Amino acid sequence: MILGMSLSTFTLVHVLISLVGIGSGLLVVYGMLLGKRFDGATTIFLVTTVLTSVTGFLFPFERLLPSHIFGIISLPVLALAIYARYARRLAGAWRAIYVVSAVLALYLNVFVLVAQIFLKVPAAHALAPTGKEPPFLVVQLIVLAIFIVLGVFAVKTFREPLANELAWKSTKAS
């Protein structure tokens, strides 16, 4: 029993939280690419991604696993994203720090998702039974490349509105 749930129920809850985190994170990155803040999705992403890492440590384990290492890396990255977003309000360089840390946290979750797919989905597992075979490595490199590109473009497009843009929006709203 974990938090009063059977292991299978807890696993299902953990997976659902993780999938919500990944889905909302993709929406947040999409917003960044449009130069828009999706505040609700951002809150959902950050909370569920923190919960994914925290609940990952509650599973019984006998040795440190790669997923634990990703959780250990993810939590301070998420703390930085939360600080940049809420305490520093994306001011100045904190905007880029937020983007990089949020995209990195999402990437770490997607990396673990891909690893789990190769462990649990029979067709994928047949291609890479130990997770060290070329198909696994190629997929993870493709995912990494996608996130690097997304991160670079998100930093460039998710910027503070210029004063004339703010004035135009307020005039348009009147």
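User: Where is H14 found in this structure?

Analyst: Welcome! This is a predicted model, and in it H14 is part of helix α1.

User: What makes H14 count as buried?

Analyst: Its relative accessibility is 15%. Buried means under 20%, so H14 counts as buried.

User: Which residues does H14 touch, leaving aside those up to four places away in sequence?

Analyst: H14 touches T52, T55, G56 and F59. Contact here means heavy atoms within 4.5 Å.

User: Let's turn to the rings. How many aromatic pairs are there?

Analyst: The count comes to eight aromatic pairs. One of them joins F70 and F111.

User: Why is the pair of F70 and F111 called stacked?

Analyst: The ring centres are 4.5 Å apart, and the planes meet at 15°. Rings pair if their centres lie within 6.5 Å, and planes under 30 degrees apart count as stacked. Both conditions hold, so the F70 and F111 pair is stacked.

User: How do you know that this pair ties together parts that are apart in sequence?

Analyst: F70 belongs to helix α3 (residues 66–87), while F111 belongs to helix α4 (residues 93–120), so the pair ties together parts that are 41 residues apart in sequence.

User: Are F70 and F111 buried or exposed?

Analyst: F70 has a relative accessibility of 17%, and F111 has a relative accessible area of 18%. The cut-off for buried is under 20%, so F70 is buried and F111 is buried.

User: What makes the pair of F111 and F136 edge-to-face?

Analyst: Here the centres lie 6.4 Å apart and the planes are at 80°. The limit for a pair is within 6.5 Å, and planes over 60 degrees apart count as edge-to-face, so F111 and F136 form an edge-to-face pair. This pair also links distant parts of the chain, with F111 in helix α4 and F136 in helix α6 (residues 134–157), 25 residues apart. At 10% relative accessibility, F136 counts as buried.

User: Which residues do ring pairs link into a cluster?

Analyst: The cluster consists of F70, Y107, F111, F118, F136 and F147.

User: Which residues of the largest nonpolar core touch the most other members?

Analyst: Among its 33 residues, they are M32, F45, Y98, V99, L106, V110 and F147. Helices α1 (7–34), α2 (39–56), α3, α4 and α6 each supply at least two residues of this core, and α4 gives the most, with 13 residues. In general, nonpolar side chains tend to be buried together in soluble globular proteins.

Terms used
Residues are numbered from 1 along each chain as its sequence is written. This is a predicted model: local features need pLDDT of at least 70, side-chain atom pairs count only at pLDDT 80 or more; totals for chains, interfaces and linings use all residues. Side-chain values use heavy atoms; hydrogens and water are left out. Rings of Phe, Tyr and Trp (its six-membered ring) pair if their centres lie within 6.5 Å; planes under 30 degrees apart count as stacked, over 60 as edge-to-face and the rest as tilted. Helices (H or I, at least four residues) and strands (E, at least two) are DSSP runs, numbered from the N terminus. Buried means under 20% relative accessible area, exposed over 50%, partly exposed in between (1.4 Å probe, protein chains only). A nonpolar core is a set of buried Ala, Val, Leu, Ile, Met, Phe, Trp, Tyr and Cys residues joined through side-chain atoms within 4.5 Å.
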